[in-house]
Structures are given as structure tokens and as C-alpha cells.
Amino acid sequence: MAEYKKINENQLVIVDGMIDWVRVVDKNNMVMYANKKMKEDFGEEIVGKRCYDVFCQKSKCDYCISSITMEHGSIMKKQSTIGDNTYMVVSSPLVDEDGEIMGSVEVFRDITTEIELTKKISEKNKKMSDDINFAKNMQIRMLPPKGMYNGVNIDYLYESSEGLSGDFFDVFKIDDDNTGIYICDVVGHGVSASLLTVFVRQSLRTIAKGHTLINSIMKELHKTFLSLNLDYDKYFSVFFGIYNKKTCEFQYVNAGHNSEPILLEKDGSVAKLMAKGYPIANIFDNVQYDVSTLKLHVGDRIFFYTDGITEAANEEGLQYGAERIINIIKDDKNILENLKSSLDDYCKDHKDDYALLMAEIL
């Protein structure tokens with residue numbers, strides 16, 4: 001106890017003003033000092049007791065950080081439950097004038113509120129994660145099954161960056177002869193973008209049911225979007241087409257989609273389906289699109305894709321680009337498999353959504 005009195009009195013005044021518990025323990029586990037807050041909570045008689053007696057324990061802790069501090073001179077930390085509360089305990093060496101360790105200073109900070117808050121946040125994060133995973137599975141389930149649609153066979157690649165994607169495509173029956181095909185790219189990622197893909201899917205399927213006037217369909221889609229009264233930063237692009245299996249004609253419009261689909265004809269020639277138009281956004285009161293018509297033949301394939309592929313960058317910041325897609329398509333061997341391998345090799349850390357839909361005329 002005599003050695004303890006050498007501690008600066010000014011230091012004790014500061015420690016007594018702390019709301020944390022502070023005590024000094026000697027090498028025999030005896031409490032040499034306790035600050036005002038700790039005495040108020042445990043009583044004046046705690047000085048002179050063994051450290052573990054203060055907390056009504058029969059022996060010192062299995063993991064005694066004070067012993068480690070006094071043996072090695074290191075600052076130690078641990079989390080400890082005392083009564084109904086949780087504390088962060090920090091043990092620091094107390095040295096005498098000769099530099100010898102004569103005890104340890106223990107500071108107990110009540111972190112019960114923080115622990116409870118962390119637990120609540122963790123629970124909410126888990127629920128949010130579960131909800132996002134559920135929504136992701138629902139979004140994947142809404143993709144059209146691979147296979148035949150009114151004389152068109154489809155296959156595709158689809159990846160989302162944040163669990164939920166703003167890239168989406170669909171193939172659906174309009175009537176006995178006509179099939180709707182589109183790919184869309186909603187600005188942004190995550191929940192808001194994925195909800196808009198659901199809007200596009202449900203709206204186009206409803207609007208186009210039994211109707212083949214493609215410009216009228218797009219005008220109605222735009223009108224329906226305006227009725228949502230969203231902010232100006234919410235919009236999407238869509239490349240929409242209708243294939244007629246009797247005439248083998250493919251009508252299409254481009255509403256701001258900057259990744260022109262690629263046509264691979266049966267004879268191996270390749271061409272882009274060039275068309276321009278404004279995206280679906282509430283900055284336009286009215287829209288009008290130029291409708292293009294393409295005569296297709298058995299064996300022809302159209303590749304619809306989003307800019308998540310073309311804008312994927314490698315370590316040097318160089319984008320994948322459309323030419324690499326075209327070169328893989330020209331090779332005409334395991335196109336989707338080779339494209340995915342090529343993209344993964346080119347961009348190891350791909351963070352954007354992407355989608356590619358292949359429609360083959362049968």
C-alpha cells in the first residue's frame with residue numbers, strides 16, 4: 001500500500017471524476033484503490049479485498065488480464081459480464097519510480113447498451129439480408145424459362161452485382177403467332193432497380209397482350225411509368241421487339257438502350273440492330289419511336305445484352321467492349337459458355353449487373 005501512495009494525487013482526482021469503474025490491483029490480486037464511481041456501486045469496503053471477491057466470485061478469472069499485464073507489461077482487453085451488464089475491461093501496467101511493475105490499472109466501461117444495439121442491428125441486417133435473398137430468388141424465378149417460345153428458342157446469361165439486379169429480360173406470348181422479346185436496363189442497382197424491373201415485366205405483359213402495334217405498346221408503357229410519379233433519377237432503357245412466326249418478321253424499337261443487339265445469321269454474317277430512341281423517363285411527356293422490321297430465317301440468332309458486359313473493365317481500366325462479344329459470336333461455338341469465360345478472365349472483379357439473351361429462330 002505504501003508504494004501505491006506514490007501515485008500522483010492529481011491523477012486520482014481525474015480518475016475519481018470518471019463514470020467508468022477504475023481500480024488498481026496488486027500482484028496478489030488485492031484491490032489497492034477504487035475510484036469514487038466504483039465505491040458508490042460496490043461500497044467503500046472493496047479496497048483491501050481480493051479483486052474477484054468484489055464481484056462475489058470464489059476465485060480469480062480463468063482468463064485474468066491483470067496477471068498477464070503484470071507479468072508482461074502489456075495492455076490487455078477483454079469483455080466481461082458482471083451481473084446483468086456487459087463491460088469492456090482494459091488492464092494497463094502500473095509502474096513505480098524504478099520502472100518496476102507493482103500492479104495493474106483496470107478500467108471497466110459499461111458497453112451493455114452498445115451490445116444490445118449491435119444485437120438489434122445484427123438482427124435487422126439478417127432480416128434485410130433474408131428479404132433481399134428472397135427478392136433475388138423471386139427475380140430469378142421471373143426470368144423466362146430457357147427453351148421454345150412460338151418458334152423461338154432462348155438461352156441466356158444473367159448475373160446481379162448486389163443480390164438484386166437492374167438488368168432484366170423477358171420472352172412472352174402475345175398471341176398464337178406473335179412473341180414479345182425485350183431486354184431492359186434500369187438505372188442503378190439494388191432494391192429500387194429490381195422493383196422497376198418487376199414493373200417493366202408486368203406492364204409489358206399486360207399492355208402487349210393481344211396487341212402488336214409496337215409503338216402504341218411503348219407509348220402506353222411510358223404513360224404507365226409516368227403515373228408512378230417517380231423522381232427524375234429513376235428511369236430505364238429497353239429494347240423491345242415482336243417476332244411473328246408466320247411471316248418470320250421481327251419488329252423492334254429502341255428506347256434508349258445503348259447496347260445494340262447483334263444478329264448472327266445462319267450463313268455466319270454478323271450485324272447490329274441499329275435503332276435510336278429516348279429511354280422511359282418522366283422528363284418526356286410523350287414518346288414516339290421509329291419501328292424497324294427485320295426478316296429472319298431459320299437458324300438466325302439475335303443476342304440482346306446490357307452494358308454491364310461491354311463496360312466491364314480490366315485492371316488497366318480498359319472496357320470489354322462490343323467487339324469481343326462479336327468475335328465470340330462469330331466463332332459460333334459454345335457462345336454463351338465462351339462469353340462468360342472470356343468476361344470472367346478479362347474482368348476478375350466484375351461489380352456490375354449484366355444480362356445476355358440469345359434468341360434463335362427455329
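## Around Thr 197

Leaving aside neighbours within four places in sequence, which residues is Thr 197 in contact with? In this predicted model, the partners are Gln 139, Ser 165, Gly 166, Phe 168 and Val 186. Thr 197 itself belongs to helix α5, which covers residues 190-208. Is Thr 197 buried or exposed? Its relative accessible area is 0%, and because buried means under 20%, Thr 197 counts as buried.

Let's move on to helix α8, residues 321-331. Buried residues here are Ala 322, Ile 325, Ile 326, Ile 328 and Ile 329. They cover an arc of only 165° around the axis, so they lie on the same side of α8.

On the face turned away from the buried side, you will find the exposed residues Glu 323 and Lys 330. Just after α8 comes Asp 332, with a positive phi of about 55°.

## Aromatic rings and charges

The model holds 18 aromatic pairs. Ring pairs join Trp 21, Phe 42, Phe 55, Tyr 87 and Phe 108 into a cluster.

Lys 146 lies over the face of Tyr 156, 4.9 Å from the ring centre. Over the ring of Tyr 320 sits the charged end of Arg 324, at 5.8 Å from the centre.

Key:
Residues numbered from 1 in each chain as written. Predicted model: local features only at pLDDT ≥ 70, side-chain atom pairs only at ≥ 80, totals over all residues. Heavy atoms only, no water. Phe/Tyr/Trp six-rings, centres within 6.5 Å; stacked < 30°, edge-to-face > 60°. Lys NZ or Arg CZ within 6 Å of the ring centre and 35° of its normal. Helix = DSSP H or I, 4+ residues; strand = E, 2+ residues; numbered from the N terminus. Buried < 20%, exposed > 50% of the residue type's maximum accessible area, 1.4 Å probe, protein only. Contact = heavy atoms within 4.5 Å. Arc of directions from axis to C-beta.
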